[in-house]
Amino acid sequence: MTARLADIAAQAGVSEATVSRVLNGKPGVAEGTRRSVLTALDVLGYERPVRLRQHSAGLVGLIVPELDNPIFPAFAQAVEPPLARHGFTPVLCTQAPNGVHEDEYTRMLLERGVAGIVFVSGLHADTTCDPARYRSLRAGGLPIVLVNGYLDGVDAPFVSTDDAVSAQLAVAHLAALGHARIGLAVGPRRFVPAARKIAGFAAALSRYLGISDAESWVESSTFTVEGGALAAERLVDRGATALVCGSDLMALGAVRALRGRGLAVPGEVSVIGSDDSPLMAFTDPPLTTIRQAVPAMGAAAVQALLDEISGVSAIRGEYLFRPELVVRGSTAVAPPPAGRAAAAS
């Protein structure tokens, strides 16, 4: 035991007597010193005495649509650590096709007495969704925060990426590279992020290219690799030389489809993703994309939930976070028109 005390004291930079006082729960030790001793215990691999272990302040549910899309594990990683630091135990609930539905997860979490729930890209992102499910939770006093989606009449904080700005940043970048035929590949229009991207895309085409008929350059599919591939083929058939995709997965599907047609990316067609999911810098080519402010959004969602749990009403409405253009290797100067290219050769 003496050897252990000496190790811990050396690691924490305090005396053995101070270590002994902390381990035995004695008063008279500054909080900062106490934390240093506990950290030393953890670093050296010693188990904390039961009396010094952090007790959970309660469970908090985190419901995400899936884990196949890497942006959702990224959100989970952003939300779970700050919850744990405040003593809450996160409970991750993942939906899947033919699996447990969001409403079922919500019921199970309520049965376990959760202190609150964070919904990421849930039914609240679907404009056809009945908001009564969320109103019922709030009427029952359950604190909730809803990420990337919006429903009128729900008394809760919303935290979202500004998807209209996301599309505008992408179009501005491509227009600056000389592209005049830019297509947008997005998910189903009933989803709030898709609808906002379409609105932002239309505004950007008008502003940067003077195009008023944006609809002919929009292709709705699914937020998947396969959906991106299908939308890309249709837009390229219309003459698009650049594609703005509603997710990084869609962009990867677009690149695959284009290469399957023998088209070079970015030499003949430029592609922009959305999210900046992990590993997008290591794709071939490295993907130019629009980065969601995931760490900041996760921190804001947790803070809003903690405020609600503590009885301090968080600001109602929607916190909009500005995305960021990340230029990599999947975008380039627009190719010359076919006629000009032939003449040049």
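A residue counts as buried under 20% relative accessible area, exposed over 50%, and partly exposed in between, using a 1.4 Å probe and the protein chains only. D103, for example, is partly exposed, with a relative accessible area of 32%.

The model is predicted: local features need pLDDT of at least 70, side-chain atom pairs count only at pLDDT 80 or more, and totals for chains, interfaces and linings use all residues. Residues are numbered from 1 along each chain as its sequence is written, and side-chain values use heavy atoms, with hydrogens and water left out.

Start with the whole protein. It has 12 helices and 12 strands. These are DSSP runs numbered from the N terminus: helices are H or I with at least four residues, strands are E with at least two. Taken along the principal axes, the C-alpha atoms fill a box of roughly 85 × 50 × 35 Å. Of the 345 residues, 47% are buried. The accessible surface comes to about 15700 Å², and carbon and sulfur atoms hold 54% of it. Accessible areas come from the Shrake-Rupley method with a 1.4 Å probe; for residues, only the protein chains shown count as cover. Contact means heavy atoms within 4.5 Å. Among contacts with a separation of 6 or more, 69% join residues 24 or more positions apart.

Now look at the interior. A nonpolar core is a set of buried Ala, Val, Leu, Ile, Met, Phe, Trp, Tyr and Cys residues joined through side-chain atoms within 4.5 Å. The largest such core has 40 residues. Those with the most contacts inside it are I182, F201, L243, C245, L258 and V271. Seven elements each supply at least two residues of this core: helix 7 (163–176), strand 6 (182–186), helix 8 (192–209), helix 9 (225–237), strand 8 (242–245), helix 10 (248–260) and strand 9 (270–275). Helix 7 gives the most, with six residues. V271 shows how such a residue is surrounded. Leaving aside neighbours within four places in sequence, V271 is in contact with residues including L243, C245, A251, L258, L287 and T331.

Next comes helix 5 (residues 102–111). Its buried residues are E102, Y105, T106 and L109. Seen down the helix axis, they fall within an arc of 100 degrees, so they line one face of helix 5. The arc is that of the directions from the helix axis to the C-beta atoms. What do these buried residues pack against? Their partners are strand 1 (58–64), strand 2 (88–94), strand 3 (116–120) and helix 6 (132–139). After helix 5 comes G113, with a positive phi near 70 degrees.

Move on to the loop between strand 3 and helix 6, where D126 is found. D126 is buried, with a relative accessible area of 9%. Its side chain makes a polar contact with the side chain of T128 (2.7 Å). A polar contact is a pair of N or O atoms within 3.5 Å; within protein, one must be able to donate a hydrogen and the other to accept it, and residues adjacent in sequence count only if both atoms are side-chain atoms. Not counting residues up to four places away in sequence, D126 touches L151, R190 and F191.

Finally, turn to charge. Side chains of opposite charge can pair when their charged atoms come close. The structure holds 19 salt bridges. Each is a side-chain nitrogen of Lys or Arg within 4 Å of a carboxyl oxygen of Asp or Glu. R35 and E31 form one of them (3.7 Å, N to O). Both lie in helix 3 (residues 31–44), four residues apart, about one turn of the helix. R35 is partly exposed at 49% relative accessible area, and E31 is partly exposed at 43%.

The side chains of D103 and R133 also meet in a salt bridge (2.8 Å, N to O). This pair links distant parts of the chain: D103 is in helix 5 and R133 in helix 6, 30 residues apart. R133 is partly exposed, with a relative accessible area of 27%.

E219 forms a salt bridge with R234, the closest N and O atoms being 3.0 Å apart. E219 lies in strand 7 (residues 218–220) and R234 in helix 9, so the pair ties together parts 15 residues apart in sequence. E219 is buried at 9% relative accessible area, whereas R234 is partly exposed at 40%. Elsewhere, R138, D155, E308 and R316 are linked in a network of salt bridges.
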